[in-house]
Amino acid sequence: MAISANINIKNKRASFEFHLLERFTAGIRLLGTEIKSIREGKANINDSFCSFLDDGLYIRNMHIAEYSFGSFYNHEAKRDRQLLLTKREMKKLRDKGEEKGFTIVPLRIFISERGFAKVEIALAQGKKDFDKRETLKERESKRELDRAMKR
């Protein structure tokens with residue numbers, strides 16, 4: 001079976017709602033049917049977030065659809081999944097995440113070259129309404145500039 005490395009599930013709302021300060025790549029502790037569903041592209045991270053529980057960093061509210069060929073060994077769709085990071089990265093995220101106004105958001109899920117599922121997370125700070133309007137203005141001006149350059 002060939003491993004499809006072109007899986008790239010994105011959280012498009014994250015860059016609109018947050019200032020992304022620092023990015024990290026983490027592994028995910030998954031069950032067998034979960035990785036098979038991710039390889040089929042049946043995952044959603046739009047409403048998910050990361051938080052520290054007693055023994056580590058967990059991604060919460062991430063939806064991975066049940067595997068279609070799974071039997072009674074199938075997984076729960078929205079369970080908490082542990083993220084695998086180095087101690088130094090965990091300490092840095094824990095220190096910054098406890099400060100007021102900072103949060104940890106998942107940006108995308110992808111399959112590495114070795115076939116493991118990875119998640120790209122970011123230390124983020126929430127945007128205000130005027131920041132969001134400014135982002136929309138920048139995006140629109142960039143589109144107009146690209147259109148003008150095409151002509």
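User: What counts as a contact here, and which residues is R81 in contact with, leaving aside its neighbours within four places in sequence?
Analyst: Contact means heavy atoms within 4.5 Å. The model is a predicted one. With neighbours within four places in sequence left aside, the partners of R81 are I28, R29, L30, E34, L57, Y58, I59, M62, I64, H75 and E76.

User: Is R81 buried or exposed?
Analyst: The cut-off for buried is under 20% relative accessible area. R81 has a relative accessible area of 0%, so R81 is buried.

User: Which side chain joins that of R81 in a polar contact of 3.0 Å?
Analyst: A polar contact needs a pair of N or O atoms within 3.5 Å. At 3.0 Å, the side chain of R81 makes such a contact. The partner is the side chain of E34.

User: Which backbone oxygen lies 3.0 Å from a polar atom of the R81 side chain?
Analyst: R81 is in contact with M62, among others. A polar atom of the R81 side chain lies 3.0 Å from a backbone oxygen. That oxygen belongs to M62.

User: In which strand is R81 placed?
Analyst: The protein chain has 4 helices and 9 strands. Residues 81-84 form the strand that holds R81. This strand is β7.

User: How far apart do the centres of the positive and negative side chains lie?
Analyst: The protein chain carries 33 positive side chains and 23 negative ones.

Technical notes: Residues numbered from 1 in each chain as written. Predicted model: local features only at pLDDT ≥ 70, side-chain atom pairs only at ≥ 80, totals over all residues. Heavy atoms only, no water. Helix = DSSP H or I, 4+ residues; strand = E, 2+ residues; numbered from the N terminus. Lys, Arg positive; Asp, Glu negative; His and termini not counted. Charge placed at Lys NZ, Arg CZ, Asp CG, Glu CD. Buried < 20%, exposed > 50% of the residue type's maximum accessible area, 1.4 Å probe, protein only. Polar contact = N/O pair within 3.5 Å; in protein donor to acceptor, adjacent residues only side chain to side chain.
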